[in-house]
Amino acid sequence: MSVSKRSTIIVEHLRKQQMMDAISKGKRLDGRDFNEQRPLEIELDVVKKANGSARVRLGDSEVIAGVKVETGEPFEGLENKGALIVSAEVLPTASPHVEPGPPDEETVELARVVDRGVRESEMVDLDKLVLVPGKIVYTIFVDCSVINADGNLFDATSYATVSALLSAKLPVLEMQNDKVVDTGKTQPMPVTTVPISITAVRIGDAVILDPSAEEEACMDARITITTSEAGFCALQKGYTGAFTIEQIKKAAETARIKGEEIRAKIKELTKYGQ
Amino acid sequence: MTQTRNLIDENGKRTDGRTINEMRPVKIIVGNIKNADGSAYIEFGKNKIVAAVYGPREVHPKHLALPDRCVLRCRYHMSPFSTDTRKNPAPSRREVEISKVMREALEPALMLEDYPRAAIDVFVEVLQSDGGSRCAGITAASVALADAGINMRDIVAACAAGKVDDKIVLDINDTEDKEGGADMPVAYMPRLDQITLMQLDGKLAPEQFNECLDKAVEGCKMVYEIQRQALMQKYFGNETEVKEEQ
């Protein structure tokens, strides 16, 4: 059951007042513009045991994503497609407010929203990941671990997932005498597009991009919009406030423009297509 | 998901015979559960959903209570027999997410500050599912909350729009959800002109995005009228008709 609760991070009254004052003057407490994201750093191949991995820092939020490739049965109804599963976990290392245990609803939402962006954009060409049609397919797991949480885990996790997939080396598997054999060779992941999520929150009447944890503690509503080269592919409104139709249309436009910038940056950092 | 077959025929009719701007038939009955403080039953196409509201009442366990407002607790659940293949009754990750977005869709409409230290429980049970069950569930829950006499700023109406055969259509059904190009569920408060739930999965070209959103909002406004009529029917019965005639 989903229960309304107070923010786990307590922002002092005075601090919130400072934030509201700054926002009314078009500024943010860390000096950023409303449409300015925090610095994005991407490090690849941080885990050699994985088929692909990435460490992403978005400001002080830090996420590691690892790709593991296995084989298995296809999903029901998708017999001639490989399987791709993105999951996410907020580790107890991430903040004093996280306890070990089964994922809470926020973590379930995080994993499902990131998964939706990758799935609906058809980033990975799953038709190319079939070994025996209807029987054996590649199963690709992307597991994300949030190491440090300082707001906007949606985008940080999404960028980590995309970067890990772009840089992953897919083992070339073959069928020999009804058995799956690893040839020892690798190939690039069959990627068709690069989905980029952009998250904005509304605080009062202002809509600001890439919220920090402190800003999230003061937010009224949140929206995450994922675009691919072709256009929009996923969206999730969250939190207990509402948006006007105009605010959403404007956020969608911003998500497209900012998405282009981040996509170019991630392609460059992962040397994708080079 | 890329579409593999056409879902709109040459006459512009969809798989269930509707046009692109047509909503499935909607029927709402208010107060169907006698024990609940407020309740509603909705048929939205083939969706059959009951919503019950209990509260405001004491919070158990007490540590969940908030000093300045009421906690809203929401459960969206699908009965094992509601789907083609039996659904495991344990809450799935999908249901966890929908319970959350449903709560967040209803909260902006409720004056929770009027009931500090209390809880309002909303239970939504899908008896038969037909695509768009979260929208139908929110629509029913909102009516049930009004029936329970909870102070509200507005009624939340929900409806989806989506893309089928590269056309933007109103109110996606199950087949269109599974095989179509995009699904955009939206919950909207017509009086306040605000969106309280919005999701999208599937591809939309930039110019289709606004069209799809506008269409979903239009659908919400139609649903709102049906919600109002259902509430009027329970509380004023045929009196309203008489008044309107005069």
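These notebook entries record what I looked up in the predicted model above.

**Conventions.** I number residues from 1 along each chain as its sequence is written, and I letter chains from A and number ligands from 1 in the order in which they are written. Because the model is predicted, local features need pLDDT of at least 70 and side-chain atom pairs count only at pLDDT 80 or more, while totals for chains, interfaces and linings use all residues.

**Sheet.** I first traced the strands. Helices (H or I, at least four residues) and strands (E, at least two) are DSSP runs, numbered from the N terminus; two strands pair if DSSP finds at least two bridges between them. I found an open, antiparallel sheet of 8 strands in the order 11(A)-10(A)-12(A)-13(A)-9(B)-8(B)-6(B)-7(B). Its edges are strand 11 (206-209) of chain A and strand 7 (167-170) of chain B, each pairing on one side only. Neighbouring strands are turned by 20° against each other on average, direction ignored. Axes are lines fitted to C-alpha atoms, for helices over the stretch in contact, and angles run from 0 to 180 degrees between N-to-C directions.

Strand 13 of chain A and strand 9 of chain B pair antiparallel over 4 bridges, and Gln236(A) stands opposite Gln199(B).

**Interface.** I list 32 residues of chain A in contact with 36 residues of chain B, where contact requires C-beta atoms, placed from the backbone, within 7 Å. Strand 13 gives the largest share of the chain A side, 8 residues. That side divides into 14 nonpolar, 8 polar and 10 charged residues. Ala, Val, Leu, Ile, Met, Phe, Trp, Tyr, Cys and Pro count as nonpolar, Asp, Glu, Lys and Arg as charged, and the others, Gly among them, as polar.

**Helix 2 of chain B.** I noted that helix 2 (residues 133-147) of chain B lies across strand 6 (157-164), strand 8 (182-189) and strand 9 of chain B, at about 165° to strand 6. Helix 2 of chain B also packs with helix 4 (residues 206-236) of chain B at about 35°, the axes being 11 Å apart. The contact is made by Thr139(B), Ser142(B), Val143(B) and Ala146(B) of helix 2 and Val223(B), Gln227(B), Ala230(B) and Leu231(B) of helix 4. I count 5 nonpolar, 3 polar and no charged residues there.

**Contacts of Ala51(B).** Leaving aside neighbours within four places in sequence, I find Ala51(B) in contact with residues including Val122(B), Gly137(B), Ala140(B) and Ala144(B).

Terms used:
Contact = placed C-beta atoms within 7 Å.
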